[in-house]
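This report describes side-chain pairing in the structure shown below.

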Amino acid sequence: MLVADGRGCRPEDNGVAGMNPGLFEVESVYRHEDGRLTALEKTYRPYYNKRYPWGSHIDSLGYAYAAVSKKIFGSSHAAGKVMALAALATRTHGIPAPLRFGRDQAFGVNPDWLAFLQACPDHIDWDTPLAADLADAIQQGLEAYLAFRTQQLAQAHQCRDLLLGGGVALNCRNNGLLVNAAWLRSVNIFPAAGDDGLSVGAAVMALRETFGDYRPIVYRVSQGASYAAPMAQGAQAAQALARLLADGHTVGVFQGGSEFGPRALGYRSILSSAADLALKTRLNAQIKRRESFRPFGGIVLRANLDQITGDALAGPNMLSAARMTDTSRACYPALAHVDGTVRLQVVEEDGCLLHQVLAAYEGLTGHVVLLNTSFNGRDEPIVETLAQARACAAAIGLDHLYAHGAVEDVHA
């Protein structure tokens, strides 16, 4: 288990005494066996408060990535945008390698790269070649380091099964590369791999260490029908949704409990056709009101996954970028990113709403995948209540809303 983030605990929080003050954890390695975690390695680095114009610094993957995010998008929390923007790179700016690492060199952020970044304007427009090249440099650096590090760990510990944690585990492109790497057998990511997953981690820690219960834990991110909808009514609604989607409409889905993690998985989703590039443009420009380069994720039944990609995925929860086949790129242009990849949610054939909608949609159109994005407006959180769902759907211009087992016309 490899955990990488901006910064984690102080040494004293981990029960380590005698280390220099001002150190924070930036990477941890654990072994999981028979329900027990054993800490194998912990890396600490000094933290420098407000050291640069863009903010504080520590030699970590998360902070290096956040620095680029702040320069381009004005926020350290726009890492997903940076990852997507990297695909537009020209590689003409001679940017120093952001990271230093090797068999005989400890991991660190390259001072020459920091100096280059500091010499750049305080704000860099996202639609400039420099912005794309900066995004590409940090993305390439992250991918190279984690390829080196995971290969090193697999060899050192004779273990080819990897679980990624921390905010860095949300880098879908890197996850897609690792799960298809020859030196790893499997890669998995908990759906809420960032700080939002700490609640589950604390509960599991209590179960293990306080109550001494080491039995295997099996969890599933449900895609079940709305708690308020009888199944018969849900089946009728699924048919109605499939017809609306086949006719080119956008539909908001509000059902069950809230989403857990950064991806919309069918509880607070906006669905649309993936076959119409104009719909992607409308979703970006008019509905989500976000940058035009940003891609959308898709949903597909497990039985149809090979029609979209031949890649392995790091879990079913849209946290892994997969290379689309040439045929699927041509058939579903609204899903294909500039680099030919797509983030996919794999839906089980278990009678849930998404299963029923996908099956009905395939029957109507012959298409096996739909576009799925989070149900929220620009710079807003995902909707939590039915009142919020109705207000948001009307404000951003959705055509229809599915809620409590029924389909509503937003503008009626």
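Which side chains meet in a salt bridge at 2.7 Å, N to O, with Arg390? The partner is the side chain of Glu408. Because Glu408 lies in strand β16 (residues 406-409) and Arg390 in helix α11 (residues 386-396), the pair ties together parts that are 18 residues apart in sequence. Helices (H or I, at least four residues) and strands (E, at least two) are DSSP runs, numbered from the N terminus.

The model is predicted: local features need pLDDT of at least 70, side-chain atom pairs count only at pLDDT 80 or more, and totals for chains, interfaces and linings use all residues. Residues are numbered from 1 along each chain as its sequence is written, and side-chain values use heavy atoms, leaving out hydrogens and water.

A salt bridge is a side-chain nitrogen of Lys or Arg within 4 Å of a carboxyl oxygen of Asp or Glu. By this rule there are 17 salt bridges, including the two tabulated here.

| Salt bridge | Closest N and O atoms |
|---|---|
| Lys42 and Glu25 | 2.7 Å |
| Arg323 and Asp311 | 2.6 Å |

Buried means under 20% relative accessible area, exposed over 50% and partly exposed in between (1.4 Å probe, protein chains only). Glu25 is buried at 9%, whereas Lys42 is partly exposed at 28%. Asp311 is buried at 12%, and Arg323 is exposed at 54%.

Ser28, in strand β2 (residues 23-33), is buried at 3%. The side chain of Ser28 makes polar contacts (N or O atoms within 3.5 Å; within protein, one must be able to donate a hydrogen and the other to accept it, and residues adjacent in sequence count only if both atoms are side-chain atoms) with the side chains of Glu25 at 2.2 Å and Lys42 at 3.3 Å.
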